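Good morning, and thank you for joining this group meeting. I would ask you to keep the sequence and the structure in view while I speak.

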Amino acid sequence: MQIIYTEEQYRMYRQSLLFVLFSACARVFPDKVLHVHQSVNRSTYCEIPGIMPTEADLQTLRMHMDRLIAEKFPFSPQTLPKEAAITLLRKSGDIASADHLSYSAKKTLTLLPIMDRYYSVYGKVFPHAGYLSSYELLSFDAGFLLRYPHPSTGGEIPPFHFGRKILDTISEYRAWSEVIGIENVYDLNRTILGGQINSCINISEIMHEKKLSEIADTIKRNILTCKVILISGPSSSGKTTTANRLMLHLRALGLSPQMISLDDYYLGRSKTPVDENGKPNYEDIDAIDYSLFALQLRSLIAGETVSVPRFDFTTAERAKEGRNVKLTENSVLLVEGIHALNEKLTRGIPTANLYRIYCSALTVLCFDRYNPISPTDTRLIRRIIRDSQFRSTDAAGTLSMWSDVQKGEIKNIFPYEETADVIFNTALSYEFAVYKEMAEQLLYEALSYEEHRETVERLLEFLGHFVSVSQSLVPGTSILREFIGGSTLHDE
């Protein structure tokens, strides 16, 4: 079996497998166009408009895919000047793709011919399909899932866990994208070049505020029992800004929210578990004093005053003095941290006392109907910018940590996403246009690090398709301010 050791090899495998699927679909459903949507549980969700694929349909697709793989179906991408690529698409009858690509900020575009169609290529592919030894097609919702090996499972296909809430959230935000008329990168570029980006930004931000307002209303309706608001999510999902904005919404409703951080419940240097390299592993739930946390939550819910600890990151130990916290009838406690939804933290506490929020950057923006944008790339670019701005870490440093961050997420965060009462999608349709110039500068500085070259080149290629937008247009309360700086959510 083809072992997938790195994130970049995984992406190449997935992209190549998709082209095999496109070729099989062109043979089985010659009058239909496959639509590729966002990832669901490390699988790719696909639909064929007008067709609800049966198991027999999927078996026919598998038969054609297996044949193409056995025959080592060649991939021959062609990199062309933008105008030549657009002309080729128009001649083949794909007017929509030609119109979209006319708004690309790049001077060259890559197309892959499959039968009588051309597909845009974003990223690398294998020379031929013979490299693809493992995949699954699984009936799902109105379409099916394309499943493939993943580096987190040692090159095996990961076990599948159905995520209805995630899928519903993606569908909701996709509908919002249709409302503002920005469903792909080129819609965004056209909006920017047409001088209409302010409207896009304002509507996008209002949609976020609307969702936060709905969450705050739900909390207030249940204020007599719902006393603890748990906010979790993977790295760079915007947990901190979500918590701070929710605080404002709750205060506007007349409530008295208080906030504590799970970081203050770290056990300290001597008791922190270590990773396989012997380094302190603060990503592990066992680095948290969750017994103390659960005990104090129960006391707070009972109306008692507790002394919340304070962790001193300079000494990597708990400080001698904490701070007193007490919940009144009109107050709620907000708890933000990567482990906030882990059941160990709330063991023995009635569900009625808890409200769980899961933050995730579920990017619905895509390149075209074949090429979605990875939510993981959204978070990685956010993290690169934030680490540079606030943690004195360059892009190479962030990339060096990213693999361990992802391993921690798969173990400690993703398994709990479906336990959330609500999923808040922090992605914004215009954010890559804002990140473009800053991220490109940071990535160019990391090009000299050979171990990161493939990832850096891929991200630069990705950002190259966007027209940039000035950071000055981003509101001070936006999620994006958590990464680029300039937030107005904190008093000076």
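I shall begin with the chain as a whole and then turn to its cores, helices and individual residues.

Please note that this is a predicted model, in which local features need pLDDT of at least 70 and side-chain atom pairs count only at pLDDT 80 or more, while totals for chains, interfaces and linings use all residues. Residues are numbered from 1 along each chain as its sequence is written, and side-chain values use heavy atoms, with hydrogens and water left out.

Let me start with the overall form. The chain has 14 helices and 18 strands; these are DSSP runs, helices being H or I of at least four residues and strands E of at least two, numbered from the N terminus. The C-alpha trace spans about 70 × 50 × 45 Å along its principal axes. How does the radius of gyration of the chain, 24 Å, relate to that of a compact globule? For 492 residues such a globule would have a value near 23 Å, so the two agree. The radius is taken over C-alpha atoms, and the globule rule is 2.2 Å times the number of residues to the power 0.38.

Buried residues make up 55% of the chain. Buried here means under 20% relative accessible area, exposed means over 50%, and partly exposed lies in between, with a 1.4 Å probe and protein chains only. The accessible surface comes to about 21100 Å², and 50% of that belongs to carbon and sulfur atoms; the areas come from the Shrake-Rupley method with a 1.4 Å probe, and for residues only the protein chains shown count as cover. Of the contacts with a separation of 6 or more, 75% are between residues 24 or more positions apart, where contact means heavy atoms within 4.5 Å.

I turn now to the interior. In soluble globular proteins, nonpolar side chains tend to be buried together. The largest nonpolar core in this model has 111 residues, and Leu188, Ile229, Leu246, Ile357, Ile381 and Tyr430 have the most contacts inside it. Helix α12 gives the most to this core, with nine residues. Apart from it lies another core, of 37 residues, including Tyr10, Met12, Phe75 and Val125. A nonpolar core is a set of buried Ala, Val, Leu, Ile, Met, Phe, Trp, Tyr and Cys residues joined through side-chain atoms within 4.5 Å. As for isoleucine 357, its contacts beyond four places in sequence include Ile215, Ile229, Leu246 and Phe424.

Helix α11 covers residues 395-412, and its 18 residues should span 26 Å at 1.5 Å a residue; the end C-alpha atoms are 24 Å apart, which agrees. The expected span is 1.5 Å times one less than the number of residues. Where is α11 kinked? The kink, of about 40 degrees, is centred on tryptophan 402, the bend being the angle between axes fitted to the seven residues ending there and the seven starting there. Trp402 is also among the buried residues of α11, and these pack against α1, α10, α12 and α13.

Helix α2, residues 55-70, reaches 22 Å from its first C-alpha to its last, close to the 22 Å expected. Its buried residues include Leu58, Leu61 and Met65, and what covers them includes α1, β6 and β7. Leucine 138 is found in strand β6 and is in contact with Leu58, as well as with Phe144, Leu145, Arg147 and Phe160. At 32% relative accessibility, leucine 138 counts as partly exposed.

Within α1 we find glutamate 8. Is glutamate 8 buried or exposed? Its relative accessibility is 11%, so it counts as buried. Beyond its neighbours in sequence up to four places away, glutamate 8 touches Glu454, Thr455 and Arg458.

Finally, some backbone angles. Most residues other than glycine have a negative phi. Serine 236, however, has a positive phi of about 60 degrees; this residue is found in the loop between β8 and α8 and is buried, with a relative accessible area of 2%. Alanine 316 also has a positive phi of about 60 degrees. Alanine 316 is in the loop between β11 and β12, and its relative accessible area of 7% makes it buried. Just after α2, lysine 72 takes a positive phi of about 55 degrees.
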